[in-house]
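Biologist: I have a model open and want to learn how to read it. Can we go through it feature by feature?

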Amino acid sequence: MAMVGLFWIAEGDVYVGAKPSGPARGVRLTPEGVVALGEGQAGLHLWEDVRALTLADVPVKSLRRQVGAVRDLALGMVVNLALPAGPGMSEEAPAIMTVGVDTLDGRHELTAYTAAAVGYLPAEVDLSRALLSRLTEGAATMATTLAAMSQWGRAWEGGSPRRAKREELLRRWVG
């Protein structure tokens, strides 16, 4: 499993944002189409009907966001040490982003959890948006691009690659 830009690639499966588990919401890109996963948004939007894919509410990495994450982690550790866990004590959920799917029958707004705890790098956000746009350019482009992403995911061993490698992959997939 690896994160490349705004995509989570797990053994050939490609997700926008984090790979969901259980009833959590998510968005999977398959050769057939855009699959809405999770409670309240299940469904398939076939590529032949998809006209555009857009992103909103994407958290962008910044110094302020990083400092906030460190502060929250420290505060959480203090609270966990000082207070016993009980009802009402829960982890904060990751941020949610909106994936807009424009189809022949209108606009569908899907939600997906982000995979980056402190946000995504601006260059990766831009490249990821360009890649989503590329996927809607036609069946041949979508098939080869998605196949390249899946093939990389099946071959890659280890965690997420370093920043330079992630950006290189995104540029290659964008074309």
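Modeller: Start with burial. Buried means under 20% relative accessible area, exposed means over 50%, and partly exposed lies in between, with a 1.4 Å probe and protein chains only. Here, buried residues make up 39% of the 175 residues in the protein chain.

Biologist: What should I know about the source of the model?

Modeller: This is a predicted model: local features need a pLDDT of at least 70, side-chain atom pairs count only at pLDDT 80 or more, and totals for chains, interfaces and linings use all residues. Residues are numbered from 1 along each chain as its sequence is written, and side-chain values use heavy atoms, leaving out hydrogens and water.

Biologist: What pLDDT does the protein chain average?

Modeller: pLDDT is the predictor's confidence in each residue, from 0 to 100. The protein chain averages 86, and 82% of the residues score at least 70. Over residues 65-73, however, pLDDT is below 50; beyond near neighbours in sequence, that stretch has 7 contacts in the model (contact means heavy atoms within 4.5 Å). Residues 86-90 also stay under 50, with 2 contacts beyond four places in sequence.

Biologist: How many helices and strands does the protein chain have?

Modeller: Helices (H or I, at least four residues) and strands (E, at least two) are DSSP runs, numbered from the N terminus. The protein chain has 4 helices and 9 strands. From the N terminus on, the order is β-β-β-β-β-β-β-α-β-β-α-α-α.

Biologist: Which strands form the open sheet, and in what order?

Modeller: Two strands pair if DSSP finds at least two bridges between them. In this model, 3 strands form an open sheet in the order β7-β8-β9, with antiparallel pairing. β7 (50-56) and β9 (106-113) stand at the edges with a single partner strand each, so one side of each has no neighbour in the sheet. For the pair β7 and β8 (residues 96-103), 6 bridges join the antiparallel strands. A52 stands opposite D102 in β8.

Biologist: Now the backbone angles. Which residue has a positive phi of about 50°?

Modeller: E11 does, although E11 is not a glycine. E11 sits in the loop between β2 (7-10) and β3 (13-16). E11 is exposed, with a relative accessible area of 69%.

Biologist: And where is D57?

Modeller: D57 lies in the loop between β7 and α1 (63-82). D57 has a positive phi of about 65° and is not a glycine. D57 counts as exposed, at 53% relative accessibility.
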